[in-house]
Amino acid sequence: MSRGKVFLVGAGPGDEDLLTVKAVRVIENADVVVYDRLVSQSIMDLIPNHVKKIDVGKNAGNHPVPQHKINEILKNEAQKGNLTVRLKSGDPFVFGRGGEELEYLSENDIEFEAIPGITSPVAVPAYAGIPVTHRDFCSSLHIITGHAKAGSALNIDFDSLVRLNGTLIFMMSVSTIADIAQGLMQAGMDRNMPCAVIENGTRTNQRKFVSTLEHIGETVRCNQVKSPAVIMVGKVCQLSFDWFSDKPLKNKHIILTLPQRKQSILAQMLHDMGADVLKYPCIETKALPDFDPNPGDYSTLVFTSAAGVESYFDKLLAQHMDARILAGKKIACIGEKTAAKLKDYGVLCDFIPSVYDAETLANEMISKRFISSNDKVLLLRAEWASPSLAEILRQNHIDFCERPIYSTHFIHHEPLDLSAYDYITFTSGSCVEGFLNCNPDIDCSNIKAVCIGQSTASKAQAAGFPVLIADKATIESMCDKLRSDATC
């Protein structure tokens, strides 16, 4: 991709899943991102850590970075040779100032490209279950800005809008909707015309209010509606196919503590169920530099985590060896996810316990005769691991060796105010310890901890959390537990 270029990117209305594929690709390859206030945090989280971020956010009537300065920032960053993303909410050409920015860049011979975004006048009603057109009610759609310059009256041709008899979508109109409604009624629109207000559309905290033209201003005021909000006027507002509000984790706020590289799957599953997710990774794993990946004469290898599998095979390949060195070996994994990671390297697991924890793994390997006193077992584990697996093997006179292949480290974060959250998830005891390391004096008694297994739950309980334990030691089962608790 060429350098010294500006990409004018539409971020859409807020839900990160509505970003275009091209927008994601450009954001991931950016050197600089210049962003607005209304770009959602979930989209900001997609920006790589090394990328320079410049906040030029605006509120109505408050422009801390004036437009001419934004234009200069874009020009200067591009002239430095940077791939610069100008990230604007919605679509940059729909009541944005994208045209002005590209005009300035063109005048200064800066290469640019525009990437459209899904525009909120269409997307937000869809998330509220209201079609913007319907052949039984209207055949046209009209998008109007209700924002007036400071000290100026609204410049809206209300008579023409009423004659159009279509769906009216008012943007940037929270503060002026009462005046807009009055103008429409004076132009002859029925005061009982259905209206809808959708605040924070497509985001997990979306709110919808249905009213009439006569009362829409009062509805906005009494419910303290704030920007961003889309206001609809038209007969289609009496329709409601509200699929978004019925999501099982709607309005639930959940903290994820598992390592950053493992968060995407769980975060996506919770997001799809309507949850607001805070990524708060408390640990990270790093392969130990000096362990020997050669299994030697050990007959059985045991992996107790996907991180262990990754660390082992990275080291194996770094030493110019591959899976052929495992020929004739038996391999056990603590659970399905660990076995799936092993399969990524072209190796199939021979044994998985019925319950995904260390005690069950050890007991069932023995009781089901997967291993015996004739075997030599190599435990490929974390530097600091639960002693229960080794203790059970020792009690049953199994010849074994523990070989640490990766270490776990705490990540520092600012302390949290748990009162803003409903649940916290823990996928290991180390995640519990890492969270407490960041929040040493926190009261954990008012937030439920969803834990992947009994040993993790024990640590969470000791810290004071009320706990929910997944029926199986998988993230899918954790999501099922969250759903059942939130909807009971």
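**Exercise 1.** At what angle do helix H12 (residues 358-367) and helix H13 (residues 388-395) pack, and how far apart are their axes? Classify the arrangement and describe the contact.

*Solution.* The model is a predicted one. In it, H12 and H13 pack at an angle of about 25°, and their axes lie 8 Å apart. Angles under 35 degrees count as roughly parallel, and therefore H12 is roughly parallel to H13. The handedness of their crossing is right-handed. On the H12 side the contact is made by Ala358, Glu359, Leu361, Ala362, Asn363, Met365 and Ile366, which meet Ser388, Leu389, Ile392 and Leu393 of H13.

**Exercise 2.** Which residues of helix H3 (residues 67-79) are buried, and what covers them?

*Solution.* The buried residues of H3 are Gln67, Ile70, Asn71, Ile73, Leu74, Lys75, Glu77 and Ala78. Their cover includes strands S1 (5-10), S2 (32-35), S3 (52-55) and S4 (83-88), together with helix H4 (98-107). Just after H3, Gly81 adopts a positive phi of about 95°.

**Exercise 3.** Thr202 and Arg369 each have a positive phi although neither is a glycine; is each of them buried or exposed?

*Solution.* Most residues other than glycine have a negative phi. Thr202, with a phi of about 75°, lies in the loop between strand S8 (194-199) and strand S9 (207-212). Because its relative accessibility is 1%, Thr202 counts as buried. Arg369, with a phi of about 60°, sits in the loop between H12 and strand S16 (376-382). Its relative accessibility is 74%, so Arg369 counts as exposed.

How values were computed: Residues are numbered from 1 along each chain as its sequence is written. This is a predicted model: local features need pLDDT of at least 70, side-chain atom pairs count only at pLDDT 80 or more; totals for chains, interfaces and linings use all residues. Side-chain values use heavy atoms; hydrogens and water are left out. Axes are lines fitted to C-alpha atoms, for helices over the stretch in contact, and angles run from 0 to 180 degrees between N-to-C directions. Helices (H or I, at least four residues) and strands (E, at least two) are DSSP runs, numbered from the N terminus. Angles under 35 degrees count as roughly parallel, over 145 as roughly antiparallel, 65 to 115 as roughly perpendicular and the rest as oblique. A crossing is left-handed if the near helix is turned anticlockwise from the far one by less than a right angle, and right-handed if clockwise. Contact means heavy atoms within 4.5 Å. Buried means under 20% relative accessible area, exposed over 50%, partly exposed in between (1.4 Å probe, protein chains only).
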